[in-house]
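Q: I'd like to work through this model piece by piece, so please keep the answers plain.

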Amino acid sequence: MGSGTSTQHHFAFQNAEKAFKAAALIQRWYRRYMARLEMRRHCTWRIFQSIEYAGQQDQVKLHDFFSYLVDHFTPSSNHERDFLDRMFTEDRFPQDSEMEKFGDYESIEVPDNYTGPRLSFPLLPDHATALVEAFRLKQQLHARYVLNLLHETRKHLIQLPNINRVSTCYSEEITVCGDLHGQLDDLIFIFHKNGLPSPERAYVFNGDFVDRGKDSVEILMVLFAFMLVYPKEFHLNRGNHEDHLVNLRYGFTKEVMHKYKTHGKKILKILKDVFCWLPLATLVDEKVLILHGGVSDMTDLELLAKLDRHKIVSTMRHKTRKENGKQVKKEEANQKSSAGRPTPWFLPQSRSLPASPLRLGSLQAHRAGRSSSIPCGAPRDAKELARQVRRSVDLELDRCRQQAGFPVSRGKEEASLCTPEADSGAEEPLEPTQEEWRQVVDILWSDPMAQEGCKANTVRGGGCYFGPNVTERLLQKYNLQFLIRSHECKPEGYEFCHSRKVLTIFSASNYYEVGSNRGAYVKLGPALTPYIVQYQANKVTHMLTMRQRISRVEESALRALREKLFAHSSDLLGEFKKHDADKTGLITLSDWAEAVESVLHLGLPWRMLRPQLVNSSTDNTLEYKSWLEDLAKEQLNRENIQSSLLETLYRNRSNLETIFRIIDRDHSGFISLDEFRHTWKLFSSHMNISITDDCICDLARSIDFNKDGHIDINEFLEAFRLVEQSCSEGNASDCPQTTNTN
């Protein structure tokens with residue numbers, strides 16, 4: 001009996017030992033499997049982000065090029081000078097009467113057969129809810145209601161401060177959402193899961209409502225409608241994509257003109273002004289700062305709170321508005337008297353802000369009770385400096401007296417306001433200073449980094465990278481607990497950094513590809529403890545396994561990367577030849593990785609990506625010409641375009657489309673032949689193309705296929721292709737030549 005029990009125990013022990021060993025093997029295998037999947041996911045993520053940020057660098061460089069042209073291009077005739085003024089110079093500050101004209105919705109008739117949503121003002125909660133349902137059913141809001149809603153939105157935004165202040169005392173909780181980027185499904189999902197806005201359920205949407213996605217117009221209409229219905233519980237911050245110059249490249253301008261062909265120009269005009277009036281940040285219980293991008297070591301919340309935000313039309317360039325005649329003449333005179341022309345901010349030697357010898361006060365503006373900062377740069381004239389300092393000191397003393405409860409000296413204030421400078425400022429609002437503009441750029445474009453300090457954000461091309469010490473210094477200075485920002489897509493929809501003092505929230509799920517990332521939003525209660533909710537708005541992702549999701553996203557990322565490689569085939573060939581000194585047609589895989597990085601500058605782990613990009617090779621070498629030919633075969637389309645021409649289009653299409661929309665100032669979708677001829681001369685230097693006037697004229701006439709005297713976007717892209725083709729077929733001296741830019 002005892003012996004049988006002992007045998008049973010022995011067998012049980014052996015079985016248990018086998019089970020433990022099997023479990024250990026399975027666990028080891030599973031961990032390796034998950035590690036490989038995580039490595040693939042991480043590489044895929046880096047590919048998407050590197051390509052996205054490279055596009056942003058191209059955007060900034062392109063607009064820097066145009067801004068630089070304004071200061072450095074010397075027109076050969078009055079006609080060219082007028083053309084430059086029309087194309088590059090912004091309109092002056094629009095007056096209310098002008099906005100009324102652009103928002104003239106009453107003259108637009110709504111047809112009887114219109115079945116979409118209808119709005120009446122003042123808006124009620126049912127109107128906003130009905131709008132969400134209509135957009136869910138793919139209905140379109142009539143242009144009359146769009147313009148009416150934008151008109152009412154602008155009137156409301158003008159009354160708001162630069163930094164909104166909200167409190168958890170008046171609502172149960174505050175929900176903060178990040179980038180939506182035109183993805184209506186994510187917005188509808190948030191409202192479905194978290195509840196519609198109400199007095200008990202406040203929302204803060206942290207910028208980047210538009211671009212990239214296909215429903216940017218609908219998202220804006222929903223957000224603006226709820227903001228008008230619940231002005232105290234629903235808040236919007238400006239993002240770096242609430243910018244008409246950024247919209248030219250990333251799709252929002254095209255979307256508006258596609259959906260509203262007749263009234264699209266009016267809608268874009270008033271939207272441009274509405275974006276300028278969006279608040280810059282939101283402060284919750286004076287403890288949590290919500291802004292779109294981040295901060296820098298120069299961030300000054302006091303300055304941000306009092307500058308005139310509507311002057312910052314675009315963060316892409318500092319000179320945002322057309323100056324009046326007196327200002328232009330004065331600027332020209334000062335430039336002639338100066339020793340040299342100032343270097344533009346985007347050149348390396350001018351990354352840091354110029355030191356300001358003193359900080360001047362603010363002049364109380366009459367419009368909507370807002371304040372306008374006096375320029376901080378050193379004045380040209382000693383008397384002017386003395387006047388500004390005297391006026392600044394008087395205003396600062398009056399402000400201090402007022403805060404302390406003492407009566408303000410009205411005589412001094414009136415005297416300062418009656419100076420010639422004040423009179424001229426009354427005619428035209430003061431331009432934003434370099435410091436004001438830089439402050440806004442930093443909070444809309446910056447990203448956090450793990451290292452200490454603050455440095456230029458060369459990856460995006462704008463803003464800065466700020467370290468934990470910069471965050472800590474700002475929190476201590478303004479007695480804050482932590483920052484909430486957006487601006488960066490994160491795999492899980494959110495990410496803490498800087499010892500949990502910075503929280504990134506991104507609400508556009510499946511941003512790069514279906515299954516690429518989750519969306520998230522954060523809820524703040526009276527204790528200000530962040531409660532994060534993650535989601536996937538696309539139902540397809542719930543039916544895929546983790547391996548299927550990663551494989552699908554990886555395939556999309558590699559396809560985008562191959563397109564990028566193909567777009568730089570000529571440059572890659574030149575770099576490969578440098579490593580092939582003996583002209584064998586072969587290079588080592590190590591040299592391949594080094595050459596690819598030196599051309600693309602994407603910072604990717606090329607050796608790790610090599611198996612997905614390069615077929616099996618013998619002796620650790622690559623026949624690079626065959627590899628480039630294989631890339632070309634993948635990209636050739638049904639039109640059977642010559643490989644070199646297609647490469648040129650792949651590389652320059654985004655730039656060319658952006659240039660076209662800059663020239664097409666009225667957003668008509670057409671440019672005149674005369675504008676085409678002048679513009680080609682200007683941007684040919686940016687594209688490294690040399691071209692003669694006769695060739696431009698012949699080209700302009702030849703691509704106007706329907707002979708209507710105008711060129712549309714397809715003809716414009718075809719023009720670039722034909723010029724390349726004429727080079728390969730004709731005389732090199734008479735046609736444009738492309739050169740390597742690297």
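Q: Which residues in α6 meet α7?
A: In α6, L184, L187 and F191 meet E218, I219, V222, L223 and F226 of α7; contact means heavy atoms within 4.5 Å. Keep in mind that this is a predicted model, in which local features need pLDDT of at least 70 and side-chain atom pairs count only at pLDDT 80 or more, while totals for chains, interfaces and linings use all residues. Residues are numbered from 1 along each chain as its sequence is written, and side-chain values use heavy atoms, with hydrogens and water left out.

Q: And at what angle do α6 and α7 pack?
A: The angle is about 35 degrees, and the axes of α6 and α7 are 9 Å apart; axes are lines fitted to C-alpha atoms, for helices over the stretch in contact, and angles run from 0 to 180 degrees between N-to-C directions. Sorted by class, this contact of α6 with α7 has seven nonpolar residues, no polar ones and one charged residue. Here Ala, Val, Leu, Ile, Met, Phe, Trp, Tyr, Cys and Pro count as nonpolar, Asp, Glu, Lys and Arg as charged, and the others, Gly among them, as polar.

Q: What does α6 pack on?
A: To see that, take the sheet strand by strand: five strands form an open sheet in the order β4-β3-β2-β15-β16, and the pairing is mixed. At the edges are β4 (234-236) and β16 (531-535), each of which pairs on one side only. On average, neighbouring strands in this sheet are turned by 20 degrees against each other, with direction ignored. Helix α6 (residues 184-194) packs on this sheet and touches β2 (173-177), β3, β4, β15 (519-524) and β16, while its direction makes about 155 degrees with that of β3. Helices (H or I, at least four residues) and strands (E, at least two) are DSSP runs, numbered from the N terminus, and two strands pair if DSSP finds at least two bridges between them.

Q: How many bridges join β3 to β4?
A: Three bridges join β3 (residues 201-205) to β4, and the two strands run parallel. Within this pair, Y203 stands opposite F234 of β4. Helix α7 (residues 216-229) lies across β3 and β4 too, running at about 130 degrees to β4.

Q: New topic: in what order do the six strands of the other open sheet come?
A: The order is β1-β5-β6-β12-β14-β13, again with mixed pairing. Because β1 (163-166) and β13 (494-497) stand at the edges with a single partner strand each, one side of each is left without a neighbour in the sheet. From one strand to the next, the twist averages 20 degrees.

Q: In what sense do β13 and β14 pair?
A: They are antiparallel, with four bridges between β13 and β14, and F496 has L503 of β14 as its bridge partner. The hairpin of β13 and β14 has four residues between the strands, and H498 takes a positive phi near 55 degrees there.

Q: Which strands does α17 lie across?
A: Helix α17 (residues 468-478) lies across β6 (288-290), β12 (482-485) and β14, and it runs at about 115 degrees to β12.

Q: What is the phi of D285?
A: Phi of D285 is near 55 degrees, a positive value in a residue other than glycine, and D285 is placed in the loop between β5 (281-284) and β6. Most residues other than glycine have a negative phi, and most peptide bonds are trans.

Q: Which residues does the cis peptide bond join?
A: The cis bond joins F121 and P122, with omega at about 0 degrees, and P122 lies in the loop between α3 (96-102) and α4 (125-136).

Q: Back to helices: at what angle do α9 and α10 pack?
A: Helix α9 (residues 252-259) and helix α10 (residues 264-277) pack at about 140 degrees, with axes 9 Å apart. From α9 the contact takes F252, T253, V256 and M257, and from α10 it takes G264, K265, I267, L268, L271 and F275. By class, that contact has seven nonpolar, two polar and one charged residues.
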